[in-house]
Amino acid sequence: MIRNDIKTLAAYHVQDADGLIKLDAMENPYPLPDALRKAWAEMLSRCNINRYPDADMLELRRNIAEREGVEAEQVIIGNGSDELIQMLLMAVDQGACAVPKPTFVMYETIARWLKRPVAEVPLKADFSLDANSFLQVCAREKASLALLACPNNPSGNMWPEETIRQIAENFRGLLIIDEAYAPFANHTHNSMVGGNVMLLRTFSKLGMAGLRFGYALGDANLITDLNKVRLPYNINSLTQVSARFFLDHYDVFEEQAQKIRQERGRMTAALMAVENIEVFPSQANFLLLRVADADAIFNGLVKVGILIKNLHIKGSLLDNCLRITIGLPEENNRLLNALKELL
Ligand SMILES: Cc1ncc(COP(=O)(O)O)c(C=O)c1O
């Protein structure tokens, strides 16, 4: 009854983090300030939950458009950026979907659900991206869609703007620049939106992972067509009310992102001083590390109550790699001390 290729897949696994310091999922560790939480709850209590949500979300799209310097017609909202990736993979012309390797796993997973071929372009050992190789693979595999996470997950690095521009200008299909980690990066690709370039953004890493709210910015005609594969009422009323409220208090999240960036700098320096750890430069809210035995370190950390992400795949670019999300300063100190002891 279920397609064989679906049967062979593993469902997305989320590790149980009960009682652990959670540094595995690139969440913002700072809670909402109390006053804001109260005002938010007050807003939510006025929501007309007996009615379907606003299907078109024009006001919300206007708010986002204003923040991003585009028109409301250039904005589409998704239930997390995952949903927008799914819509794109459903709607774009037949053909392969080109992605670097390694990158965010959901690109390939969703492509597989939709039976879309994936063309993977290996990154170099330092996780840099060669624009020529990427374009060659796109041409050879007749890619109609390319997805580039900038900064990339799980490597955390940001490819030079020149590389992205070269790909955008020479790629025949639609280029999606996924800026999930933009709040922690030194630059954005906002100015490239339009033509065959779309940008993906999410509230998840900024402090609202529980909300499931993401959006894409692109050419108005492309957005109109993408809307044709958007489920009616995909964004529930509570999320809509919350998103508008949080957009009005965006500075709170930007301040938190700034603190995370500072902690990332401190952690990078502290980890670089530890022997036997390789630290890769990051412009995201996480760091990629290489150690001698990633499995042993991962298990050792769980034993002392810290959950990170083990990315180890023997013989791959992620050989003995671990990803740590930047947490609260005291959580980061606990991780640092535990790592020093385990090494
Ligand atoms: C590059 C990238 N894009 C998108 C997402 C998904 O974001 P959302 O929570 O908005 O679905 C993630 C989550 O880890 C990510 O790393």
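Reader: What makes Ile85 and Leu200 contacts of aspartate 178?

Author: Contact means heavy atoms within 4.5 Å. Leaving aside neighbours within four places in sequence, aspartate 178 is in contact with Ile85, Phe104, Tyr107, Leu148, Ala149, Cys150, Pro151 and Leu200. This is a predicted model, where local features need pLDDT of at least 70, side-chain atom pairs count only at pLDDT 80 or more, and totals for chains, interfaces and linings use all residues. Residues are numbered from 1 along each chain as its sequence is written, and side-chain values use heavy atoms, with hydrogens and water left out.

Reader: Why is arginine 201 called buried?

Author: Buried means under 20% relative accessible area (1.4 Å probe, protein chains only). Arginine 201 has 11%, so the residue is buried.

Reader: What makes the pairing of aspartate 178 with the side chain of tyrosine 107 a polar contact?

Author: A polar contact is a pair of N or O atoms within 3.5 Å; within protein, one must be able to donate a hydrogen and the other to accept it, and residues adjacent in sequence count only if both atoms are side-chain atoms. The two side chains make such a contact at 2.6 Å.

Reader: Which side chains does arginine 201 join by polar contacts?

Author: One is glutamate 179, at 2.9 Å. Another is threonine 188, at 3.3 Å.

Notes
Buried means under 20% relative accessible area, exposed over 50%, partly exposed in between (1.4 Å probe, protein chains only).
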